[in-house]
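Please read the points below with the model open beside them.

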Amino acid sequence: MRAMVCGRWGGPEQLTLTNVPEPVPKPGEVSIDVHACSVNFADLLMIGGTYQTRPELPFVPGLEAAGTIASAPEGSGFKTGDRVVAILWHGGYAEQAVASAQETFLLPAGVSFDVAAALTSAYVSTALALIRVAHLKPSEVLLVLGASGGVGLAAVQLGKALGATVIAVASTPDKLAIAREAGADRVICSADAAWKEQVLSESGSAGVNVCVDPVGGPLFDPALSTLGWGGRYVLVGFAAGQAPSIPAHRLLVKHRAVLGSSLRYFRYHDPAALRETMDQLFAWYAQGRILPRITLRLPLEATAEGLRTLAERRAIGKVVVHVREGREAPPAARSA
Ligand SMILES: NC(=O)c1ccc[n+]([C@@H]2O[C@H](COP(=O)([O-])OP(=O)(O)OC[C@H]3O[C@@H](n4cnc5c(N)ncnc54)[C@H](OP(=O)(O)O)[C@@H]3O)[C@@H](O)[C@H]2O)c1
């Protein structure tokens with residue numbers, strides 16, 4: 001089968017399109033003919049050798065697989081030809097991938113493969129962060145950093161689906177326009193030196209209730225200052241490259257909390273949450289309350305180009321790799 005293979009730690013340019021043997025499923029795993037896999041920032045960390053865990057070289061990156069079941073174990077509930085999406089440790093940038101049956105989900109009829117790929121890592125992670133970690137309530141104010149990225153745009157849409165008032169922060173007017181289109185109530189440019197004061201003013205000076213942060217770096221400190229009484233700051237990632245240090249005294253008097261949220265560790269510690277979250281996302285998608293914005297669709301051999309758009313901070317919403325270009329039905333009209 002064709003796969004994009006990472007043979008040494010480095011940037012997207014060292015991924016090579018290679019013919020490799022199909023992966024062999026272990027007990028409890030299904031085999032999937034992959035049609036679509038979305039590009040995630042974590043792929044860059046994984047191929048760079050700086051992710052939380054390092055796969056053994058060589059390996060195929062790609063954190064989800066949307067496609068059809070090629071084979072499934074007895075009792076798994078899946079049969080050959082079922083349309084599914086799966087969360088992977090890696091392996092999505094290939095014509096075939098293996099996945100735990102526990103982390104494979106049947107696709108409802110209205111969900112195309114590219115929408116399924118776009119919905120999975122980014123939306124599941126963000127929904128877990130907002131619902132299970134931050135316990136965001138409908139009346140609350142949600143601050144979203146990096147609001148035009150994969151996680152950020154998902155957070156804007158999910159915040160609205162949960163009934164919150166959403167303040168979106170991004171670095172350029174174009175990115176802010178995208179966040180506004182996705183439903184943000186207020187948009188604020190992080191390039192403006194007074195962005196923190198603007199957030200405070202937009203939140204009625206009481207401060208925000210929840211901040212979801214996939215960026216870190218220089219945004220962390222001012223964003224932490226915008227948290228009001230009992231505010232929860234959820235760390236999702238550090239796309240800016242720098243994991244912030246937390247000044248403990250800034251938490252005490254306002255009863256603030258800084259929390260981490262990781263899809264990977266939900267998989268270890270609360271796997272039931274994944275299926276419940278996926279069901280919720282499919283329901284919201286069917287109701288038109290969330291709509292992944294896919295701005296770039298690429299064939300398998302152009303995966304590196306997709307990764308570069310994220311590395312160079314140019315990506316908007318989701319970039320999706322169509323692994324079997326020309327063999328999939330056209331993208332669903334409802335994906336933006
Ligand atoms: N914890 C989890 O379960 C989980 C799940 C998914 C992703 N993540 C993490 O969340 C982070 C974002 O992932 P993503 O897929 O949303 O990425 P993305 O689509 O590339 O978005 C990242 C955003 O970060 C901002 N940014 C600031 N400095 C940057 C830099 N030097 N390079 C790139 N972006 C920069 C950009 O927004 P502005 O230009 O507007 O600042 C960009 O839109 C990553 O660290 C990823 O590993 C974690």
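Which residues is Ala155 in contact with, leaving aside its neighbours within four places in sequence? Point 2 gives the list.

1. Basis. This is a predicted model, in which local features need pLDDT of at least 70 and side-chain atom pairs count only at pLDDT 80 or more, while totals for chains, interfaces and linings use all residues. Residues are numbered from 1 along each chain as its sequence is written, and side-chain values use heavy atoms, with hydrogens and water left out.

2. Ala155. With its neighbours within four places in sequence set aside, Ala155 is in contact with Thr126, Leu130, Leu142, Val144 and Val212 (contact means heavy atoms within 4.5 Å). Val212 is 57 residues from Ala155 along the chain, and the two C-alpha atoms are separated by 7.5 Å. Ala155 is found in helix H4; helices (H or I, at least four residues) and strands (E, at least two) are DSSP runs, numbered from the N terminus. Ala155 counts as buried because its relative accessible area is 0% (buried means under 20% relative accessible area, exposed over 50%, partly exposed in between, with a 1.4 Å probe and protein chains only).

3. Thr120. This residue sits in the loop between helix H2 (113-119) and helix H3 (121-133). Thr120 is also buried, at a relative accessible area of 0%. A polar atom of the Thr120 side chain lies 2.6 Å from the backbone oxygen of Ala116. Beyond the neighbours within four places in sequence, the contacts of Thr120 are Glu64, Val85, Ala86, Ile87, Ser125 and Met278.

4. Phe78. The loop between strand E4 (64-71) and strand E5 (83-87) holds Phe78. Why does Phe78 count as buried? Because its relative accessibility is 12%. Not counting residues up to four places away in sequence, Phe78 touches Val30, Ile69, Ala72, Val84, Ala101, Thr104, Phe105 and Leu106. Leu106 is 28 residues from Phe78 in sequence, and their C-alpha atoms are 8.2 Å apart in space.

5. Domains. The protein chain is divided into domain 1 (2-121 + 292-322) and domain 2 (135-260), with bounds that come from an automatic or database domain assignment. The C-alpha centres of the two domains lie 29 Å apart. Across the division, 8 residues of domain 1 are in contact with 10 residues of domain 2.

6. Ligand shell. There are 23 residues around the ligand, and Gly150, Ser171, Lys175, Ser261 and Leu263 come nearest (a residue is near a molecule if one of its heavy atoms lies within 4 Å of it). Domain 1 and domain 2 each provide at least three residues of the shell. Helix H1 (41-47) and helix H4 (150-161) each supply at least two, and H1 gives the most, with 3 residues. By class, the shell has 13 nonpolar, 8 polar and 2 charged residues.

7. Ligand polar atoms. An oxygen atom of the ligand lies 2.8 Å from a backbone N or O atom of Val151. A polar backbone atom of Val236 is 2.8 Å from a nitrogen atom of the ligand. For Phe238, a backbone N or O atom lies 3.3 Å from a ligand oxygen atom. On its own the ligand has 900 Å² of accessible area, and the protein covers 89% of it (accessible areas come from the Shrake-Rupley method with a 1.4 Å probe).

Conventions:
A polar contact is a pair of N or O atoms within 3.5 Å; within protein, one must be able to donate a hydrogen and the other to accept it, and residues adjacent in sequence count only if both atoms are side-chain atoms. Ala, Val, Leu, Ile, Met, Phe, Trp, Tyr, Cys and Pro count as nonpolar, Asp, Glu, Lys and Arg as charged, and the others, Gly among them, as polar.
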